[in-house]
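Visitor: I have a few questions about how the descriptions of this model are reached. Could we go through them one at a time?

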Amino acid sequence: MENTRERQISMTTDSDLINLYSTRILGLAADIPHRTRLSAPDGTSKRRSPLCGSTVTVDLALDGDKIVGFGQDVKACALGQASAAVVGHNIVGRSEAEVQTGRDQLFAMLKSGGPTPDAPFDGLEVLGPASEYRNRHASILLAFDATLDAFVDARTSKSA
């Protein structure tokens, strides 16, 4: 009897994961823009999720406080890739404050059931079901975190 219960739980978990990795998420993961690293970035950062090993490296070129060039190297699960795709499609022209707002809104959506991030990052709504999978949150946030760290690197490099 207990084996039957364990199989039901396992099947439910498998079904939940299949639903989580929806066609839309997998489509985004296959369409990550700006996959070429910049040759002379103003700022660079590599972030790694210690829980799953996903990594995202970001290069930024800035004009004042706006991103005018963006490159990323994404080695992450499909959820991290989907997040990087949405970020990549919408990042050029954004300021650090706008990126921070998008990151904060995504964090709230994942951690506390907050609303979908505002435009231009509203495509992240596809990751709403991942809120139940806390072990995936760090990977989903990597593109934002690496971008914000690259802004810091750009400021540090500029002042050196």
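Visitor: How do you know that the length of helix α5 agrees with what a helix should span?
Guide: This is a predicted model, and the values are computed from it. Helix α5 covers residues 137-159, which is 23 residues. The expected span is 1.5 Å times one less than the number of residues. That gives 33 Å, and the end C-alpha atoms are 33 Å apart, so the two agree. Helix α5 also has a kink of about 40 degrees, centred on A143.

Visitor: Why are β2 and β3 called paired strands?
Guide: Two strands pair if there are at least two bridges between them. Strand β2 (residues 55-63) and strand β3 (residues 66-75) are joined by 9 bridges, so they count as paired.

Visitor: Why is D65 called partly exposed?
Guide: D65 lies in the loop between β2 and β3. Its relative accessible area is 48%. Buried means under 20% and exposed means over 50%, so D65 falls in between and is partly exposed.

Visitor: What makes up the lining of the largest pocket?
Guide: Its residues include D65, G64, L62 and F151. The lining divides into 3 nonpolar, 2 polar and 5 charged residues. Helix α5 gives the most, with 5 residues. The space in this pocket is about 230 Å³.

Terms used: Residues are numbered from 1 along each chain as its sequence is written. This is a predicted model: local features need pLDDT of at least 70, side-chain atom pairs count only at pLDDT 80 or more; totals for chains, interfaces and linings use all residues. Side-chain values use heavy atoms; hydrogens and water are left out. Helices (H or I, at least four residues) and strands (E, at least two) are DSSP runs, numbered from the N terminus. The bend at a residue is the angle between axes fitted to the seven residues ending there and the seven starting there. On a 1 Å grid over the protein atoms alone, a cavity is a set of points where a 1.4 Å probe fits but cannot get out, and a pocket is an open set with protein on both sides within 12 Å along at least five of seven lines; lining residues have an atom within 4 Å of a point. Grid points are joined across faces, edges and corners, and a volume is the space filled by probe spheres set on the points. Ala, Val, Leu, Ile, Met, Phe, Trp, Tyr, Cys and Pro count as nonpolar, Asp, Glu, Lys and Arg as charged, and the others, Gly among them, as polar. Buried means under 20% relative accessible area, exposed over 50%, partly exposed in between (1.4 Å probe, protein chains only).
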